[in-house]
Amino acid sequence: MEENNKLIAEFMDLSIKEGVCYYTDADDMFPMGIEVEEPYIPYDDDWDWLYAVVDKIEMLGDNSDKYTITMYYDEVVIFDNDEFYAVVNVKGFDRKETLYKAVVEFIKFYNQNK
């Protein structure tokens, strides 16, 4: 989990300094005001953290609707609207676990194809 959470944090442009999470950009760092116990970032445990990743995925691309995430109870599909195919299709135990796994698989796919 730690490795996957770290992968997600990098995708989200986050860094941790002295136990506080920061959004980063080329010029500066902006504190989120959220304390975390490094290296643990709660993407696998907290819906709010996980849904922020969903929002970012759905905003990728030139037209901000390149990817659509469809979530069922035990299955998540991430669809590429430009290419008309599912880039990720994951089944799991429950919604949160399945969404978490799908996000990790998507980020791996995205990193390989950007």
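How many helices and strands are there in the protein? I counted three helices and six strands, taking helices as DSSP runs of H or I with at least four residues and strands as runs of E with at least two, numbered from the N terminus. Read from the N terminus on, the elements follow the order α-β-β-β-α-β-β-β-α.

**Ground rules.** I noted that this is a predicted model, in which local features need pLDDT of at least 70 and side-chain atom pairs count only at pLDDT 80 or more, while totals for chains, interfaces and linings use all residues. Residues are numbered from 1 along each chain as its sequence is written, and side-chain values use heavy atoms, with hydrogens and water left out.

**Whole chain.** I looked up burial and found that 36% of the 114 residues count as buried, where buried means under 20% relative accessible area, exposed means over 50% and partly exposed lies in between (1.4 Å probe, protein chains only). The protein exposes about 7100 Å², of which carbon and sulfur atoms supply 47%; these areas come from the Shrake-Rupley method with a 1.4 Å probe. I then turned to contacts, meaning heavy atoms within 4.5 Å: of those between residues at least 6 apart in sequence, 39% join residues at least 24 apart.

**The core.** Which residues have the most contacts inside the largest nonpolar core? I found I8, Y43, V53, I78, V103 and F106 in a core of 29 residues, the term covering buried Ala, Val, Leu, Ile, Met, Phe, Trp, Tyr and Cys residues joined through side-chain atoms within 4.5 Å. Among the elements that give two or more residues to this core are helix 1 (2-11), helix 2 (47-58) and helix 3 (95-113), and the largest share, eight residues, comes from helix 3.

**Aromatic rings.** I listed six aromatic pairs in the structure, a pair being rings of Phe, Tyr or Trp (its six-membered ring) with centres within 6.5 Å, called stacked if the planes are under 30 degrees apart, edge-to-face if over 60 and tilted for the rest. F11 and Y110 form an edge-to-face pair, 5.7 Å centre to centre with 85° between the planes. Because F11 lies in helix 1 and Y110 in helix 3, this pair ties together parts that are 99 residues apart in sequence. F11 is buried at 8% relative accessible area, whereas Y110 is partly exposed at 23%. The pair of W47 and Y51 is tilted, since the ring centres are 5.4 Å apart and the planes stand at 35°. W47 and Y51 are four residues apart in helix 2, so about one helical turn separates them. I also noted a cluster in which ring pairs link F11, Y67, F106, F109 and Y110.

**Helix 1.** I found N5, L7, I8, A9 and F11 to be the buried residues of helix 1. Just after helix 1, D13 takes a positive phi of about 60°.
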